[in-house]
Amino acid sequence: MAFARSFSCEHCGVEVSLDAPGTTHRNHCPSCLWSRHLDRNVPGDRKADCSGGMEPIAVTVRGEGRWVLIHRCTNCGRLRLNKTAGDDNVLLLMRLAALPLTMPFIPFAAEPETEANGNGNGNGSHPAPRKPRARKAKA
Ligand SMILES: [Zn+2]
Ligand SMILES: [Zn+2]
């Protein structure tokens, strides 16, 4: 393979050119959409010590009305947003986008507890402790 700048996908093995249409930093495989946890803060900084495989778990749309992939690191669990590139696998993108539609909104078994706003009506249920995840911009 003769790409000037390229990497081979750890997930599907495809050789990927870093120069992708529509994005300055190709950070995921256009074929399987998997990425690698290489960047810590800014796309392209390559400062992460993790290098775990990042699974594409969803797509969303941000500002400019363009599709953005949400990757989750299979090693450390970190989530990242990555712009889609012009040659990404559209079929896979569609499947990710449609995935929630194939599932029930709320499975009956997992109904969320209603907010405890009834006063005095001794409710035995205590809300599960939910720690807000610490979000720090600077390390
Ligand atoms: Zn791949
Ligand atoms: Zn990671």
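## Close-up views of a predicted protein model

View 1. Strands here are DSSP runs of E at least two residues long, helices are runs of H or I of at least four, and both are numbered from the N terminus. Two strands count as paired if DSSP finds at least two bridges between them. As background, strands of a sheet pair through backbone hydrogen bonds, either parallel or antiparallel.

**View 2. The whole chain and its confidence.** Along the sequence, the protein reads β-β-β-β-β-β-α, that is, one helix and six strands. The average pLDDT (the predictor's confidence in each residue, from 0 to 100) is 81, and 72% of the residues score at least 70. Confidence is lowest in strand β1 (residues 6-8), with a mean of 83, and highest in α1, at 95. Residues are numbered from 1 along each chain as its sequence is written, while chains are lettered from A and ligands numbered from 1 in the order in which they are written. Local features need pLDDT of at least 70 and side-chain atom pairs count only at pLDDT 80 or more, whereas totals for chains, interfaces and linings use all residues.

**View 3. Where β3 meets β4.** Two bridges join these antiparallel strands. Look for Arg 36, whose bridge partner in β4 is Gly 53. In the loop between β3 and β4 (53-62) sits Ser 51, which has a positive phi of about 55° although it is not a glycine.

View 4. β4 and strand β5 (residues 66-73) pair in the antiparallel sense over eight bridges. Thr 60 has Val 68 as its bridge partner in β5, and Val 59 has Leu 69. Three residues lie between the strands of this hairpin, where Gly 65 takes a positive phi near 70°.

**View 5. The hairpin of β5 and β6.** Five bridges join this antiparallel pair. The bridge partner of Arg 72 in β6 is Leu 79. There are five residues between the strands, and Gly 77 in the turn has a positive phi of about 85°.

View 6. Not counting residues up to four places away in sequence, Val 59 touches residues including Leu 93, Leu 96 and Ala 97. Contact requires C-beta atoms, placed from the backbone, within 7 Å.

**View 7. Leu 33 and the nonpolar core.** Which residues make up the largest nonpolar core? They are Val 16, Cys 29, Leu 33, Val 59 and Leu 69. Such a core is a set of buried Ala, Val, Leu, Ile, Met, Phe, Trp, Tyr and Cys residues joined through C-beta atoms within 7 Å. Leu 33 is buried, with 26 other C-beta atoms within 10 Å; buried means 20 or more such neighbours, exposed 12 or fewer, and partly exposed in between, with C-beta atoms placed from the backbone.

Technical notes. Two residues are in contact if their C-beta atoms, placed from the backbone, lie within 7 Å.
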